[in-house]
Amino acid sequence: MRLSILQYGDPILRAKGKQIDKIDNRIRELAQNMLETMRAANGIGLAGQQVGEPLQLTVLDISQVEDRPSTMKLNGEDVDPKAAMPLVLINPLITLSEGSAVGTEGCLSFPEITGEIERAESVSVSAQTLENKTIEIEATGLLARALQHEADHLNGILFIDRMSSAAKASLSSRLKRLQKETKQGRVKDRQSLVGQSAL
Ligand code: ZN
């Protein structure tokens with residue numbers, strides 16, 4: 001089932017996600033619905049907050065992106081990142097970040113807005129899977145960026161918080177308009193507006 005994606009201005013996007021102690025049918029169903037919702041919006045990542053569920057739960061799938069490479073290790077072994085998708089991560093925690101890289105990001109909660117964001121170049125993340133296994137992911141490239149964008153969402157942090165003040169100032173009137181639209185309950189059709197690679 002496709003869920004509606006909350007947009008900027010909704011207070012749930014600022015909520016810190018609750019730890020998930022028990023992976024039950026409700027969580028499994030939510031994760032499936034989040035994957036479906038993310039794909040329908042051409043996104044590559046989606047956090048619980050974005051569908052109104054402030055939980056430590058995120059889904060990712062970078063396999064459709066051709067022009068922004070990634071590397072991935074799963075539990076210490078090199079894997080093909082595309083073959084490892086989709087990822088459903090429960091209680092993810094960034095345990096190591098190294099280097100820095102600037103890259104373009106969009107967000108499914110910010111239709112039509114993109115920005116250049118500085119992130120760590122590589123990260124290690126530990127998380128649980130839907131099968132209640134603990135996994136360790138080491139990533140670089142687009143996957144590293146996506147993991148950091150989603151980990152931020154789960155803590156109520158948005159990509160505009162990481163923009164330079166000049167970039168944020170230049171978006172200020174668009175952000176205000178978006179907030180106002182959100183408060184008025186006007187949600188846009190993201191399929192036509194967001195485009196590929198938003199998170
Ligand atoms: Zn986002």
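Q: Where does Pro86 lie?
A: This is a predicted model, in which local features need pLDDT of at least 70, side-chain atom pairs count only at pLDDT 80 or more, and totals for chains, interfaces and linings use all residues. Residues are numbered from 1 along each chain as its sequence is written, and side-chain values use heavy atoms, without hydrogens and water. Pro86 lies in the loop between β4 (77–79) and β5 (87–98). Helices (H or I, at least four residues) and strands (E, at least two) are DSSP runs, numbered from the N terminus.

Q: Is the peptide bond from Met85 to Pro86 cis or trans?
A: Most peptide bonds are trans. The bond from Met85 to Pro86 is cis, with omega near -5 degrees.

Q: What is the phi of Asn91?
A: Most residues other than glycine have a negative phi. Asn91 has a positive phi of about 50 degrees. Asn91 sits in strand β5.

Q: Is Asn132 buried or exposed?
A: Buried means under 20% relative accessible area, exposed over 50%, partly exposed in between (1.4 Å probe, protein chains only). Asn132 is exposed because its relative accessibility is 51%.

Q: How many aromatic pairs are there?
A: A pair of aromatic rings is described by the distance of the centres and the angle of the planes. Rings of Phe, Tyr and Trp (its six-membered ring) pair if their centres lie within 6.5 Å; planes under 30 degrees apart count as stacked, over 60 as edge-to-face and the rest as tilted. The count is two aromatic pairs. Tyr8 and Phe110 are stacked, at 4.8 Å centre to centre and 25 degrees between the planes. Phe110 and Phe159 are edge-to-face, because their planes stand at 65 degrees, with centres 5.1 Å apart.
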